[in-house]
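Me: Hi! Could you walk me through the side-chain contacts in this one?

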Amino acid sequence: MNPARLAILAAVLALLAPLTARAAPPAASEVGKGPVTKLPLPRYASLKTDRVNLREGPSKDHRTLWVFQRAGLPIEIVAEFETWRRIRDSEGTEGWVLHSLLSGRRTAVVIPPSGEKADAGKSTVPLKARAEEGSGEEARLQPGVIGSVKTCTGQWCRLVVALPQKQGDVDGYIRQDRLWGVYPDEKIE
């Protein structure tokens, strides 16, 4: 091949290299810091709005897999690509959403005691007045209830929940292992 053609081919490949590198988003199992935000991966966040499209890839050209319809729903960010975040919900569903539809506000969903199904109907989780087992109960929460996480000690989290049967918010403490939206032993101040 003639040297002029080789030079042109090399120049074209050099121009295409960044485009092909951008085409492959990071794997969902990355651990460390996000390449865009430099924040930890994975990390918990929440949905900012009542309508969030979960897409199969990081662009609006990708098919919508699911539409979340609950602002405040806790999610886990597992990867970043430009303005897109790969997220996972409490049921393990993964996909891509625009970063502007996410909030850094920490929320968590109540999960049933281990070994019980969420739809058992009878299993409720106590929201305590203080962060100790013998403390009185402020409320009993069904699995699936979402609350705002205020603090966590690594064992207990202070959770604020809006309950329809109570006037105003209910503020109390729940065992950290009864929540999806905080990591085991994570401390939040």
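This is a predicted model: local features need pLDDT of at least 70, side-chain atom pairs count only at pLDDT 80 or more; totals for chains, interfaces and linings use all residues.

Me: How many disulfides does a search of the whole structure find?
Reply: The search finds 1, counting a pair of cysteine sulfur atoms within 2.5 Å as a disulfide. Cys152 and Cys157 form the bond, with their sulfur atoms 2.0 Å apart.

Me: Are Cys152 and Cys157 buried or exposed?
Reply: Both Cys152 and Cys157 are buried (under 20% relative accessible area; exposed is over 50% and partly exposed in between, with a 1.4 Å probe and protein chains only).

Me: Switching topic, how many aromatic pairs are there?
Reply: The structure holds 2. The ring centres of Tyr44 and Trp180 are 5.1 Å apart and the planes are at 80°, so this pair is edge-to-face. Rings of Phe, Tyr and Trp (its six-membered ring) pair if their centres lie within 6.5 Å; planes under 30 degrees apart are stacked, over 60 edge-to-face and the rest tilted.

Me: And how accessible is Tyr44?
Reply: Tyr44 is buried, at 10% relative accessible area. Tyr44 also forms a tilted pair with Tyr183, 4.3 Å centre to centre and 40° between the planes.

Me: What do Tyr44, Trp180 and Tyr183 form together?
Reply: These three, Tyr44, Trp180 and Tyr183, form one aromatic cluster.

Terms used: Residues are numbered from 1 along each chain as its sequence is written. Side-chain values use heavy atoms; hydrogens and water are left out.
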